[in-house]
Amino acid sequence: MISPTSSLTDIAFAVCTALERNGFQAVLTGGSAATYYAPDAYQSGDLDFVITVKGTGGEAALAALGFIRKGDFYRHPRSHFLLEFPSGPLAVGDDLIRSWSTARRDDEVLHVLSPTDSCRDRLASFLFWNDFSGLEQALAVFQARSKEVDLNVIEDWCRRERHSQKFGLFASRIRAAK
């Protein structure tokens with residue numbers, strides 16, 4: 001049951017589970033994935049899911065949770081979080097994402113970008129649009145999940161995206177925080 005005190009993570013589990021029960025596979029991405037990994041450092045105001053497998057009855061599943069469609073997003077009368085479904089494919093820059101993390105909580109499931117891909121996703125806004133808040137969000141995810149983040153993957157991706165210098169800033173900020 002979604003209530004005014006439901007966290008982004010609570011809603012993410014509820015939505016992902018409801019969709020999965022209807023044959024969908026939805027992966028939490030964007031700032032909402034960063035919030036999942038680093039809730040004390042960053043709070044997204046919406047939940048972004050990319051659908052990787054389509055089922056049937058998705059609108060009905062969301063309606064059963066209390067979500068009402070308003071244009072391109074869904075709103076719940078008891079929550080301030082918006083629900084959005086950006087078009088796929090699931091990707092970070094030019095890299096298609098073919099695997100992700102799956103968390104279970106009681107009888108609920110949540111598919112979410114891996115910590116490494118969440119860092120890359122947040123860094124993308126820094127690399128491509130010079131958005132320093134994306135850099136801060138990537139650092140927050142790294143600090144919260146450093147043992148699960150593969151810096152070599154991120155460095156290689158930044159190089160392929162022609163932003164090695166910006167990776168250097170990211171890496172120097174990590175070293176400075178130690």
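1. Helix 6 with helix 7. The axes of helix 6 (residues 151–160) and helix 7 (residues 164–177) come within 8 Å and cross at roughly 150°, and because angles over 145 degrees count as roughly antiparallel, helix 6 is described as roughly antiparallel to helix 7. The crossing of these two helices is right-handed. On the side of helix 6 the contact is made by Leu151, Ile154, Glu155, Cys158 and Arg159, while helix 7 brings Ser164, Phe167, Phe170 and Ile174. Sorted by class, the contact of helix 6 with helix 7 has 6 nonpolar residues, 1 polar residue and 2 charged ones.

2. Helix 4 with helix 6. Helix 6 also packs with helix 4, at an angle of about 30° and with the axes 10 Å apart; the two helices are therefore roughly parallel to each other, and their crossing is right-handed. Helix 4 takes part in the contact through Thr116, Cys119, Arg120, Leu123, Ala124, Leu127 and Phe128, and helix 6 through Val153, Ile154, Trp157, Cys158 and Arg160. The class count for the contact of helix 4 with helix 6 is 9 nonpolar, 1 polar and 2 charged residues.

3. Helix 2 with helix 4. Helix 4 (residues 115–129) packs with helix 2 (residues 30–37) at an angle of about 130°, the axes lying 9 Å apart, and that angle makes helix 2 oblique to helix 4. The crossing of helix 2 and helix 4 is left-handed. Gly30, Gly31, Ala33, Ala34 and Tyr37 of helix 2 make the contact together with Pro115, Ser118, Asp121 and Arg122 of helix 4. The residues of this contact divide into 4 nonpolar, 3 polar and 2 charged.

4. The largest pocket. About 160 Å³ of space lies in the largest pocket, whose lining consists of Leu19, Phe24, Ile51, Lys54, Gly58, Glu59, Leu62, Tyr74 and Phe85. Helix 3 (residues 58–65) supplies the largest share of that lining, with 3 residues. By class, the lining divides into 6 nonpolar residues, 1 polar residue and 2 charged ones.

5. A cis peptide bond. Gly88 and Pro89 are joined by a cis peptide bond, for which omega is about 5°. As for its place in the chain, Pro89 is in the loop between strand 5 (82–84) and strand 6 (91–92).

6. A positive phi value. Asp106 has a phi near 55°, which is a positive value in a residue other than glycine. Asp106 is found in the loop between strand 8 (101–105) and strand 9 (108–112). Like the cis peptide bond between Gly88 and Pro89, the phi value of Asp106 belongs to a predicted model, and a reader checking the backbone can look for Pro89 in the loop between strand 5 and strand 6 and for Asp106 in the loop between strand 8 and strand 9.

Note on methods. Residues numbered from 1 in each chain as written. Predicted model: local features only at pLDDT ≥ 70, side-chain atom pairs only at ≥ 80, totals over all residues. Heavy atoms only, no water. Axes fitted to C-alpha atoms, helices over the stretch in contact; angles between N-to-C directions. Helix = DSSP H or I, 4+ residues; strand = E, 2+ residues; numbered from the N terminus. Parallel < 35°, antiparallel > 145°, perpendicular 65-115°, else oblique. Left-handed = near helix turned anticlockwise from the far one by under 90°. Contact = heavy atoms within 4.5 Å. Nonpolar A, V, L, I, M, F, W, Y, C, P; charged D, E, K, R; others polar. 1 Å grid on protein atoms, 1.4 Å probe; cavity = no way out; pocket = protein on both sides within 12 Å on 5 of 7 lines; lining within 4 Å. Points joined across faces, edges and corners; volume = space filled by probe spheres on them.
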